[in-house]
Amino acid sequence: MPTAPDPSRTPGTAPSSPSPSRRTVLATGTALGGALVVGGAAVPAQAAAPATAPAASPAPVVHSPTDSWRTVLDDADLLWQKLPTTWYEGPYLGNGRLGSGIYAEPGATTTAVRFNVQHSEVQDHRPEFGSLFGLARLPIGHFTLEPAGTITGIEWWMRLRTAELEGTITTTAGTLKLRAFVHSSSDLLAVDITPSEGEQGFRWVFHPADAISPRAGFQKPPAGYTGNPPATVEEHGGSSTAVQPLLAGGEHVTAWREVTRGGARTLYVTVTHSHPKATARDRALRHVRTAADLPYGLLVGPHHLWWDRYYRKSFLSLPDARMQRFYWIQLYKTASAARKDAPVMATSGPWLEPTPWPNTWWNLNAQLEYWLIHGSNHLELDAITRSLSEFRDNLAKEVATPYRADSAGLPRTTDPHLINGGATAPVLGYGVGIPGQNPPTPEVGNLTWALHNVWLSYRHTMDESILRDTLFPLLRKAVNYYLHFLTPGADGRLHLPATFSPEYGVNAPDCNYDLMLLRWGCRTLLDSAKQLGVDDPLTARWQEVLAKLAPYPVDANGFMIGAGVPFAKSHRHYSHMLAVYPLYELTGATADERDLIEKSLAHWVGFEGALQGYTFTGAASMSALLGKGEDALKYLGQLMSRFIQANTMYKESGPVIETPLSAAQSLHDMVCQSWGGTIRVFPALPAAWRELTVHDFRTQGAFLLSAVREEGRTRWVRLTSEAGAPCVVRHGIEGPIEIRDRHGRPLRYEEVADGTVRIELRKGDSALITAEGDRPDLTIRPVTPNASAPRWGLPV
């Protein structure tokens with residue numbers, strides 16, 4: 001995938017903004033020699049907006065060393081001035097595999113600080129006990145940092161820009177200066193402590209966890225299920241290991257070593273996992289010994305560089321200070337929890353805690369966790385596309401034997417290899433239910449929904465290999481499974497037997513969850529076959545489904561769960577409304593359609609009791625679809641006040657992380673939408689957001705969007721095409737416009753609707769849209785917040 005140029009390479013200066021009072025001048029500049037100035041640095045000309053002559057006499061050149069990314073990231077740092085006591089309060093470090101959550105040791109809150117050590121690849125391998133017990137992620141353990149004195153205070157900073165925890169622990173005996181990080185590209189936790197004289201005697205202690213499914217603390221395990229044997233702690237010439245054998249064969253091993261250099265002591269920790277062979281110990285020891293040969297400062301340098309490059313792929317600044325900080329924290333959290341080659345995130349990411357959900361959930365969680373990677377331009381984190389492709393053979397095994405030749409499915413929960421096992425698997429031999437039968441629960445749409453994420457990755461990159469090699473063949477099998485059960489009714493329509501709408505609790509024929517996904521699936525297969533030049537023998541069948549599929553069941557309150565099953569109780573999930581969001585099959589294009597969406601949304605959120613955080617992110621994005629920025633902000637405000645925790649994590653009956661990440665996508669939906677072949681710039685902003693800056697936001701069609709809003713109006717829009725796809729944009733600029741290429745030359749365009757234009761852009765070309773005669777400052781910089789706001793964390 002092409003990446004955006006690094007704007008930090010070449011310093012630049014430029015004229016100041018024509019109206020500096022409207023925006024805080026954190027960095028200055030305009031187009032210089034074909035380069036778009038970004039936060040005081042110049043992007044090379046081949047990726048830049050056109051040079052323009054000033055409309056009046058040149059403004060004075062103002063030099064500024066300020067870097068826009070550094071400004072917003074430093075502003076978003078989390079602060080702790082009180083000792084966190086839970087996962088929901090403390091700092092967290094990670095790299096998609098190794099993760100560490102940090103908070104006071106329970107029961108010893110003034111004498112020890114816990115550094116959890118967990119790993120997303122560490123799991124059990126006993127499928128006979130199902131995904132929640134026999135294939136569950138397993139807890140590893142934690143270190144306690146035990147000062148010589150009693151803890152009397154702390155000041156910790158989670159530095160987003162460097163992905164590093166820094167701070168001080170104050171005790172009755174002195175101080176401990178702390179630095180810690182999980183390496184961006186190596187499974188290594190490093191914690192550097194510089195003690196004062198009175199704290200020279202502090203110590204580290206490792207506490208292995210019981211290697212049993214966390215689900216066992218919430219539900220009685222299946223008959224015959226027991227935890228794994230205890231870990232054995234060993235010494236190996238200055239290094240230590242905790243070797244955890246597994247009953248299914250193999251082991252996971254935590255290895256650590258402490259090194260003193262000058263006045264500092266550095267703890268190096270790694271985790272490895274092997275199955276079925278017991279080979280993890282030797283690898284862990286080699287890794288920790290190699291790492292310990294390097295001082296902390298040398299290890300952290302490449303880590304800083306990785307994160308700097310990561311953040312610079314996109315930029316967003318809005319005038320709500322707390323919301324802007326929240327957004328950048330979600331980008332940090334996502335890259336701490338996800339990598340393309342790491343397992344798809346489990347419900348708590350790599351930071352496993354006691355939870356009833358110790359694996360990956362596919363009826364909402366995984367999809368929401370990864371939505372924000374598209375707009376923020378971070379496809380390098382797309383584990384869903386990679387996993388569905390790599391483990392596709394397991395998807396066929398999750399449907400009953402008669403359907404395996406041409407179908408595939410995805411159960412509600414799986415391990416990282418997309419295996420469910422299922423408590424009923426020894427009897428039934430499959431995990432995805434059969435429409436019209438129960439058990440297992442016929443929740444059959446999960447694979448199709450997961451493939452919508454894959455489709456988003458294709459549409460945002462236009463990488464045809466995703467379409468050809470992964471999306472088309474797997475979606476064909478997912479839709480095939482439905483085709484086995486469609487039957488014509490007396491009305492001439494095709495109907496589905498009873499299936500399950502997550503998580504309503506009642507099976508229903510013509511379930512909206514499945515009808516909506518099936519209609520999207522058939523439409524996408526037809527479009528994909530055309531794009532790929534495939535003459536598929538099922539084409540006529542897909543066309544028939546689109547022509548004859550039963551309409552979505554609705555009543556006076558809007559969308560029902562299914563035929564004969566109204567939406568009649570509080571329900572956190574929007575499974576009955578997927579055609580609205582995220583599928584955009586229904587968009588409010590007609591008055592009747594808009595009324596149906598508004599009525600359904602109001603009815604859904606009107607039932608208090610079971611509503612949870614992602615209820616409000618879904619409601620915010622649906623409101624954004626309708627252009628209702630005030631409503632979208634209202635729903636996000638309820639999310640923040642009712643559900644988001646001190647460190648921006650989220651909890652229901654256990655720790656889960658999808659909701660804050662999906663809130664970042666809701667912000668994306670307010671700032672830009674690109675469904676249906678049209679890019680919509682600032683489609684749903686509340687009135688208070690009069691200033692806004694977005695840069696290199698990735699849209700469908702593989703465009704990179706930059707745009708600035710000033711004094712309540714869109715000042716300029718810039719699009720760069722990575723694939724030469726058709727470019728239609730609803731720009732939002734009032735009155736006559738100009739569109740110019742990167743050299744300032746006029747570009748041909750066609751007005752297709754009021755405020756919407758079609759531009760001829762080839763691969764690699766750029767277009768700058770402005771009001772006629774306007775020559776705006778093209779600097780990308782943070783906007784001025786409307787009001788101050790407290791930092792996230794636990795500030796006093």
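A salt bridge is taken here as a side-chain nitrogen of Lys or Arg within 4 Å of a carboxyl oxygen of Asp or Glu. The structure is a predicted model, and by this rule it holds 39 salt bridges.

**A link between distant parts of the chain**
- E380 and K313 join their side chains in a salt bridge, with an N to O distance of 3.4 Å.
- This pair connects distant parts of the chain, 67 residues apart: E380 sits in the loop between α7 (372-375) and α8 (383-390), and K313 in the loop between α4 (296-311) and β20 (315-317).
- K313 is buried because its relative accessible area, 15%, falls under 20%.
- E380, by contrast, is partly exposed, at a relative accessible area of 22%.

- R594 and E598 form a salt bridge whose closest N and O atoms are 3.3 Å apart.
- Both residues belong to helix α15 (residues 591-605), where they are four residues apart, about one turn of the helix.

**The R159 and E166 pair**
- A salt bridge also joins the side chains of R159 and E166, at 3.4 Å from N to O.
- R159 is partly exposed, with a relative accessible area of 25%, and E166 is likewise partly exposed, at 26%.

Technical notes
Residues numbered from 1 in each chain as written. Predicted model: local features only at pLDDT ≥ 70, side-chain atom pairs only at ≥ 80, totals over all residues. Heavy atoms only, no water. Buried < 20%, exposed > 50% of the residue type's maximum accessible area, 1.4 Å probe, protein only. Helix = DSSP H or I, 4+ residues; strand = E, 2+ residues; numbered from the N terminus.
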